[in-house]
Amino acid sequence: MEYNLADLFESVVDVVPNREALVYVDHPGTGAERRLTYAELDGAANRIAHHLLDSGLKPGEHLGLHLYNGVEYLQTVLACLKARLVPVNVNYRYVAEELVYLYNDADLAALVFEGEFTERVAAALPQTTRLRHLIRVGEVPEGAPEPSIAPVAYADAEAAGSPERGFPLRSPDDLFIIYTGGTTGMPKGVMWRAEDLFFAGLFGGEPSGEPVKRPEELAERVASKGAGLTFFPAPPLMHGTSTLTSFIAFNYGQRVVIHRKYAPEEVLRTIEKEKVSSVSLVGDAMLRPLIDALKGPLRGTDLSSLFSVSSSGAIMSETVRAEFQRLVPNVLLLNNFGSSESGSNGRAADDSGPEKGFRLVVNDRTQVVDPVTHEPVAVGEPGRLAQRGHVPLGYYNDPAKTTETFFQKGAERWVLLGDMATVDEQGIVTVLGRGSQCINTGGEKVYPEEVEQALKSHPDVYDALVAGVPDPTWGSHVAAVVQVRPGSPAPTLDEIQSHCRTRLAGYKIPRQLVITPAIQRSPSGKADYRWAKTVATEADTAN
């Protein structure tokens with residue numbers, strides 16, 4: 001047995017076949033749901049895997065998942081891993097032109113897509129080069145044009161495939177590709193070996209302890225402990241964090257609960273009904289609506305089963321964490337830090353916040369290095385976060401970016417991340433922000449995340465993004481794009497500046513304030529800095 005994700009999943013199935021693996025709420029509030037045991041999920045994935053191979057797809061070819069959350073998403077990922085096909089996540093918000101780019105860049109040979117997206121798929125398909133097999137989930141909107149390749153209904157594909165295993169031998173080198181969100185540029189496909197992803201993204205089967213030392217040990221550990229934990233990845237599965245959270249739960253032999261879409265009130269109802277242990281989400285954009293629901297229509301919801309709420313991809317600000325903690329005092333709040341290129345790097349320190357910055361306790365594979373020499377920086381000197389050991393092979397179809405980001409140092413592979421950071425005498429890392437978003441104003445560097453933390457501590461600010469706007473005097477000035485808390489008055493620029501002066505150096509204080517009805521983020525809650533820069537620049541030009 002190898003460190004192959006499909007082999008590891010099947011080893012868990014064999015020791016707990018009748019344990020509940022997956023609960024899916026189709027439309028929150030309707031009561032429609034599906035429940036599958038480990039054996040049922042395994043058999044369902046086998047059926048799709050056999051259908052894909054019977055349809056002429058070959059091991060190593062790429063399959064896109066253009067889907068909302070659902071059984072079909074995780075079932076298809078497992079099917080790909082079993083058949084040695086490469087699963088590729090597709091952002092369901094993309095329009096036809098963006099889909100053409102991703103379908104071609106990822107060299108998709110097959111696509112599993114939501115019926116709702118039929119028109120966009122039909123528009124993109126003629127401009128693709130390799131896509132030859134389509135499987136459609138659900139109903140087609142009335143009047144939507146059919147793709148030039150006739151899609152197979154997912155139910156028919158499942159019915160046609162065998163529920164048995166019987167697949168070729170797999171390898172720890174089998175690929176898993178995670179496409180980045182593309183909020184700061186064109187999306188890139190991060191190529192992970194199965195073994196590397198298991199240790200870097202899935203904690204080697206043990207997030208809170210020692211990773212397994214043998215592949216067989218994973219199932220041995222599952223067999224030795226009972227059920228009782230329920231993981232609830234709330235963001236879309238199309239973002240790597242939620243899919244990996246699901247696989248962490250599967251490697252534990254525990255239960256996963258998913259909703260089709262994020263609906264805060266229904267999330268709370270599901271936590272109460274299913275006795276959820278752990279919820280994962282993305283930053284304030286997902287945590288604030290939970291707070292609003294708990295203070296309003298869902299006041300008194302029983303969350304006694306909930307042990308932890310974790311965030312990846314965006315931080316939960318100190319102000320919002322404190323507000324949630326007052327409502328649910330016994331829940332552990334975790335700001336996890338990682339990326340598509342590194343897996344997990346660490347977690348926020350207890351004193352992380354606007355006063356001291358976003359401080360991390362990093363794992364022993366993470367360092368702050370000089371981006372040119374790749375040597376560790378001195379205490380207090382800025383550098384780039386980097387991670388060694390179990391890291392991706394590179395970016396698919398982008399050798400130049402791969403060379404720029406991934407390097408060999410001694411006997412180990414390293415990845416150079418986009419986050420600027422410093423390290424102190426105790427080894428605590430302070431993340432300054434993404435280098436690509438750094439604002440140069442009068443020769444001083446300002447990282448948006450630091451300013452956003454200060455803005456969110458203002459009582460009238462519900463959400464905020466910060467961007468640099470071209471300035472004839474300073475090169476760029478700091479602009480704050482703010483969504484006001486419902487029922488609160490819109491703050492003035494003077495009020496925002498006064499508030500920030502107690503938390504930030506003078507050059508970091510916003511020189512421009514734009515009030516917007518809503519902050520635009522990805523479906524998972526990640527910041528859309530291109531949008532923020534456009535909004536702020538247009539407002540500045542208009543004035």
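Arg-214 counts as partly exposed, at 38% relative accessibility (buried is under 20% relative accessible area, exposed over 50%, partly exposed in between, with a 1.4 Å probe and protein chains only). The model is predicted: local features need pLDDT of at least 70, side-chain atom pairs count only at pLDDT 80 or more, and totals for chains, interfaces and linings use all residues. Residues are numbered from 1 along each chain as its sequence is written, and side-chain values use heavy atoms, with hydrogens and water left out.

**Salt bridges around Arg-214**

- Arg-214 and Glu-220 meet through their side chains in a salt bridge, at 2.8 Å from N to O (a side-chain nitrogen of Lys or Arg within 4 Å of a carboxyl oxygen of Asp or Glu).
- Glu-220 is partly exposed, at 42% relative accessible area.
- Arg-214 also forms a salt bridge with Glu-216, with an N to O distance of 4.0 Å.
- Glu-216 is partly exposed too, with a relative accessible area of 32%.

**Other salt bridges**

- One network, built from salt bridges that share partners, joins Asp-7, Glu-10, Asp-14, Asp-42, Lys-82, Arg-165 and Arg-170.
- The whole structure holds 37 salt bridges.
- One of the salt bridges pairs Glu-33 with Lys-273, whose closest N and O atoms are 3.1 Å apart.
- This pair links distant parts of the chain, 240 residues apart: Glu-33 lies in strand β2 (residues 33–37) and Lys-273 in helix α10 (residues 264–274).
- Helices (H or I, at least four residues) and strands (E, at least two) are DSSP runs, numbered from the N terminus.
- Glu-33 is partly exposed, at 32% relative accessible area, while Lys-273 is exposed, at 53%.

**The sheet β25-β26-β27**

- Three strands form an open sheet in the order β25-β26-β27, with mixed pairing (two strands pair if DSSP finds at least two bridges between them).
- β25 (461–471) and β27 (512–515) are the edge strands; each has a single partner strand, so one side of each lacks a neighbour in the sheet.
- On average, neighbouring strands of this sheet are turned by 25 degrees against each other, direction ignored.
- Axes are lines fitted to C-alpha atoms, for helices over the stretch in contact, and angles run from 0 to 180 degrees between N-to-C directions.
- β25 pairs with β26 (residues 475–484) in the antiparallel sense, over 10 bridges.
- Val-461 has Val-484 in β26 as its bridge partner.
- Helix α14 (residues 448–456) packs on the sheet and touches β25 and β26 (contact means heavy atoms within 4.5 Å).
- The direction of α14 makes about 140 degrees with that of β25.
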